[in-house]
Amino acid sequence: LFRSMDLQRVGFAAEAIAKFVAERTGVQIRVVRPPNYTVPLLILLALGVIGLLAYFTRIDVSFLYSTTNWGYVALCVIFAMSSGQMWNQIRGPPFAHRDPNSGQTVYIHSSSQFQFVAESYIIMALHAGISLGWIFLTEVSPLARDSKTKRITSIAGLLLVVGLFSLLLAVFRSKYGGYPYRFLL
């Protein structure tokens, strides 16, 4: 009448045991897990240690007042979030995939409903390169002393923006088949 639970197959998880009991007896067992405070406590501990070290060693904290440094931090967060890195953290996709037909490793998934971790890194690098091109055009080029350096940094910035934006559109078009726009590729 009653079968024993196959622990090799379903494991020792509380949810699996509750499901087994509910299937056999009809009694629903609600599994309640307490919140995990480990990560916030470790972050607070690390910040506290860094703060105490900065206080006792009299480290110069003028870098906190630099808008350039905060701009770099903001750009890194934007690159990570716009590339789909948070989706990767939530869903846990594979890094890449080997195509069974051709045997080649695929880094960009063809569906718009899925992505690989490598695809996020590629998109992040494309966004960073485009931003670097804009920085060359708007910040580095005007600071150049002679016209030759100005021309080189302007052309480098323009090539970065145009080339990488074209690649970004090509990746987007490969994922969304009906996307009508293209640039160079």
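Predicted model: local features only at pLDDT ≥ 70, side-chain atom pairs only at ≥ 80, totals over all residues.
Biologist: Which parts of the chain does the pair of W87 and F114 tie together?

Modeller: Elements are DSSP runs numbered from the N terminus: helices are H or I with at least four residues, strands E with at least two. W87 lies in helix α5 (residues 85–91), whereas F114 is in the loop between β2 (105–106) and α6 (117–143), so the contact links parts that are 27 residues apart in sequence.

Biologist: Are W87 and F114 buried, exposed or partly exposed?

Modeller: Buried means under 20% relative accessible area, exposed over 50%, and partly exposed in between (1.4 Å probe, protein chains only). W87 is partly exposed at 24%, and F114 is partly exposed at 28%. For another pair, take F172 and Y176: their ring centres are 4.6 Å apart and their planes are at 35°, so this pair is tilted. F172 has a relative accessibility of 37% and is partly exposed; Y176, at 37%, is partly exposed as well.

Biologist: Which residues form one aromatic cluster that includes F172 and Y176?

Modeller: The cluster consists of F172, Y176, Y179 and Y181.

Biologist: What sits over the ring of Y55?

Modeller: A charge sits over a ring if NZ of Lys or CZ of Arg is within 6 Å of the ring centre and within 35 degrees of the ring normal. Over Y55 it is the charged end of R58, 5.3 Å from the ring centre.

Biologist: How does the reach of helix α4 compare with the expected value?

Modeller: The expected span is 1.5 Å times one less than the number of residues. Helix α4 (residues 67–82) has 16 residues and reaches 22 Å from its first C-alpha to its last, close to the 22 Å expected. Just after α4, G84 takes a positive phi of about 95°.

Biologist: What is the volume of the largest pocket, and which residues lie nearest its centre?

Modeller: On a 1 Å grid over the protein atoms alone, a pocket is an open set of points where a 1.4 Å probe fits, with protein on both sides within 12 Å along at least five of seven lines; lining residues have an atom within 4 Å of a point. Points are joined across faces, edges and corners, and the volume is the space filled by probe spheres set on them. The largest pocket holds about 260 Å³. Its lining has 15 residues, of which Q115, E119, I123, K175 and Y176 lie nearest the centre. The elements that give two or more residues to this lining are α6 and α7 (147–175). The largest share, four residues, comes from α7.

Biologist: Which residues line the second largest pocket?

Modeller: The second largest pocket has a volume of about 200 Å³. Its lining is R3, S4, M5, D6, R9, V10, A16, K19, F20, E23 and R24. Helices α1 (7–10) and α2 (14–25) are the elements that give two or more residues to it, and the largest share, five residues, comes from α2.

Biologist: Back to α7: how far apart in space are L159 and G133?

Modeller: L159 is in helix α7 and is exposed at 60% relative accessibility. L159 and G133 are 26 residues apart in sequence and 7.5 Å apart in space, C-alpha to C-alpha. R151 is also placed in α7; its relative accessible area of 57% makes it exposed. From R151 to L137, 14 residues away in sequence, the C-alpha distance is 10.0 Å.

Biologist: Where do A96 and G92 lie?

Modeller: A96 lies in the loop between α5 and β1 (97–98), and G92 is found in the loop between α5 and β1 too. A96 is partly exposed at 23%, whereas G92 is exposed at 55%. The C-alpha atoms of A96 and Y107, 11 residues apart along the chain, are separated by 5.0 Å. G92 and I43 are 49 residues apart in sequence and 23 Å apart in space, C-alpha to C-alpha.

Note on methods
Residues numbered from 1 in each chain as written. Heavy atoms only, no water. Phe/Tyr/Trp six-rings, centres within 6.5 Å; stacked < 30°, edge-to-face > 60°.
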